[in-house]
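This report concerns the arrangement of domains and chains in the model shown below.

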Amino acid sequence: MKSVIVQDIKRNYGKVEALKGISFEVDAGEIFGIIGPDGAGKTTLFRILTTLLLADSGFASVDGNDVVKEFKSIRKKIGYMPGRFSLYQDLTVEENLKIFATIFETTIEENYHLIKDIYQQIEPFKKRKAGALSGGMKQKLALSCALIHKPVVLFLDEPTTGVDPVSRKEFWEMLDKLKHQGITILVSTPYMDEASLCNRIGLIQDGNFLKIDTPENIINQYENVLLAAQSDKMSKLLKDLRAEADVHTCFAFGDSHHITIKKESLVENGGNFSIEKLTSELSKKGHQGIHIEPIKAGIEDCFMELAD
Amino acid sequence: MRQFLIFTQKEFFHIFRDRWTMMMLLALPIAMIILFGFGITTEIKNTKFAIYDPSRDMATLGIVNTMEKNEYFTLEGYVENPDEMETIFKEGKIGLLVVFSEGFYENIIRTGDAQVQLIADGTDPNTASTITNYATNIIIGYQQELLEVGEIPFQITPEVKLLYNPTMKSAYNIVPGVIGMVLMLICAMMTSVSMAKEKELGTMEVILVSPMPPILIVISKVIPYFVISMVNLMNVLALAVFVLEVPIVGNFFLLIFVSLLFIFVALALGLLISTMVETQLVALLLSVVGLLMPVIMLSGLMFPIENMPIVLQYVAQIIPAKWYISAMRDVMIKGLGFTSIIMEVAVLSAMAIVLIAISLKKFKIRLE
């Protein structure tokens with residue numbers, strides 16, 4: 001059975017089209033990642049699926065229940081963690097968890113096994129006010145609260161935004177464990193590097209899905225020739241590369257610039273591009289220590305190619 | 001039921017853990033009743049007065065003595081010549097100047113017609129008229145004393161008697177008003193602000209995606225403020241009785257019943273505001289401007305409704321506090337029974353029912 005079905009959902013805020021008719025399905029027990037920049041429509045989509053917003057048109061169901069007509073049944077069996085920290089800051093860690101367990105008509109003891117791995121890490125601070133926790137601990141508490149009633153589907157809206165790299169890694173390890181307990185997870189993130197941790201991903205931009213597939217397939221379908229370039233003057237290099245006739249796109253990626261080459265410049269299409277030629281032209285412009293090599297595309301490169 | 005209990009408990013935690021909220025909820029009403037009861041008073045005590053008296057005879061001295069004995073007046077001194085009369089007012093030393101005509105006593109005896117002029121500082125007309133009223137009463141009183149001994153042809157002098165509040169204590173008027181204000185402030189403002197807080201911090205979003213029925217969210221939100229309102233009501237009443245010495249003449253339970261009704265109206269108003277706003281600041285502004293100001297200005301607490309322009313008189317009719325204050329004065333000060341306040345009770349009940357119905361209907365089960 002499909003856990004989540006979305007068919008041609010549209011939603012406008014005044015004149016702004018937040019979602020322009022999107023459709024996708026999520027299988028039971030998979031981690032489905034919705035990857036896209038800020039303002040792509042991720043939060044709107046999550047709010048529609050969690051019955052907090054009504055779509056202008058289209059159909060959506062969660063675990064077989066219509067998000068509009070059967071919103072009450074959905075609210076009983078999903079877990080939702082909004083993008084910003086939404087627990088009671090003036091209550092302690094333990095009190096927050098107890099409140100959420102109680103309003104979902106369960107107890108901490110009953111489902112302790114579900115949250116044990118996560119909650120154990122913050123349990124030493126259970127008498128501390130939630131507002132006084134660090135970013136990573138807040139996320140763990142929020143996840144514990146969203147999980148305490150053993151939801152069928154878990155909606156996590158940008159759970160790792162503003163969280164340190166170590167906590168982010170731990171967080172994804174937890175999601176993987178939850179998946180093995182049979183919980184379907186819908187997670188959104190602006191971090192492309194987290195995409196490979198999902199079973200399938202949907203790349204979203206401006207209210208449309210660019211592509212929905214497994215991370216591997218998306219990477220394998222990458223068509224361009226991709227190079228990574230470095231030199232001693234990185235910011236000048238970005239400008240110079242963009243000015244090159246053979247270069248199609250050039251983006252800064254951490255410690256190197258990722259460039260794609262125009263199709264007509266490639267040798268197989270009758271062009272005369274080569275790495276040596278590019279290197280010599282760059283050294284004419286005053287660059288030293290130039291290092292250019294072909295690389296395998298990542299999700300972010302795929303996103304750039306699809307968004308292009 | 002467990003959902004409801006833990007939510008109510010949570011709400012109490014929110015209140016008790018925020019020192020400023022606590023202060024606001026419990027200390028403010030007490031401060032208000034004391035301020036309004038003692039500080040802001042329309043009574044005039046110890047008004048300094050001066051005398052210009054060219055006669056200096058038995059009658060004038062008698063009047064001056066009686067005034068001096070009165071707790072409302074203190075003699076500042078005599079003015080020796082008429083030129084000083086204006087300067088002494090300009091210096092702001094006195095509030096009243098009593099000017100006797102020449103040959104005062106002789107005039108009384110011979111013609112039965114002596115003149116005394118009362119000059120008061122008219123920059124504050126209310127105070128001035130109160131002072132002159134007091135002074136007139138004293139002079140009339142003295143005149144009557146003379147009547148008994150002398151042989152002045154009979155005169156008819158009006159006697160003013162103030163019912164229910166014979167000593168003209170302003171606390172009698174203020175207490176019901178302050179209770180109305182305090183209840184409006186706590187119930188409406190705090191409820192709307194705490195509801196807006198849930199929206200602003202995003203907790204409402206998480207709570208909505210749960211099996212908790214929205215009606216329970218509302219009720220559990222309101223209960224703590226209801227309890228605190230009752231505590232405050234008792235505090236203010238106790239202060240009124242024991243500190244301000246305003247007696248509760250009427251039936252105590254009727255008083256509580258009317259107050260409960262008003263609390264429901266105020267809570268419903270708070271809920272209504274919270275369904276309209278997204279942030280605490282807007283909720284606060286709306287409560288102060290939309291609720292508190294009308295209570296102060298239009299409920300009859302400060303200014304008599306009868307003296308307002310006709311349009312404002314109509315506006316005053318839709319202000320719950322107007323009906324509440326009127327009912328409270330009837331029960332608390334005049335000691336009237338239920339039959340006298342049926343109108344007020346009916347209006348307040350109707351308001352409560354309509355407002356609660358609207359705010360429950362408007363309560364959003366989604367984010368917008």
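The text covers the domains, the contacts between them, the contact between the chains, and some local features.

The model is predicted.

**Domains**

The domain assignment divides chain A into domain 1 (2–220) and domain 2 (226–307). For chain B, the assignment gives domain 1 (47–149) and domain 2 (167–362).

| Domain pair | Distance between centres (C-alpha atoms) |
|---|---|
| domain 1 of chain A and domain 2 of chain A | 37 Å |
| domain 1 of chain B and domain 2 of chain B | 46 Å |

**Contact between the domains of chain A**

Within chain A, eleven residues of domain 1 are in contact with eight residues of domain 2. On the side of domain 1 of chain A that touches domain 2 of chain A, two or more residues each come from β9 (200–205), β10 (208–213) and α7 of chain A. The biggest share of this side comes from α7(A), which gives three residues. By class, the side of domain 1 of chain A that touches domain 2 of chain A is made up of eight nonpolar residues, two polar and one charged.

A:Glu223 sits in the loop that runs between α7 (215–220) and β11 (226–230) of chain A.

**Contact between chains A and B**

The contact between the chains draws on 23 residues from chain A and 21 residues from chain B. On the side of chain A that touches chain B, at least two residues each are supplied by α2 (71–77), β6 (78–81) and α3 (93–103) of chain A. With four residues, α3(A) gives the most to this side. The residues of the side of chain A that touches chain B comprise twelve nonpolar, four polar and seven charged.

**The β1(A)–β2(A) hairpin**

Strands β1 (residues 2–13) and β2 (residues 16–27) of chain A run antiparallel and are joined by nine bridges. A:Lys2 has A:Asp27 in β2(A) as its bridge partner. The two strands, β1(A) and β2(A), form a hairpin with two residues between them. In the turn, A:Gly14 has a positive phi of about 60°. In a regular strand, side chains alternate between the two faces of the sheet.

Definitions and conventions:
Residues numbered from 1 in each chain as written. Chains lettered and ligands numbered in written order. Predicted model: local features only at pLDDT ≥ 70, side-chain atom pairs only at ≥ 80, totals over all residues. Contact = placed C-beta atoms within 7 Å. Nonpolar A, V, L, I, M, F, W, Y, C, P; charged D, E, K, R; others polar. Domains from an automatic or database assignment. Pairing = 2+ DSSP bridges.
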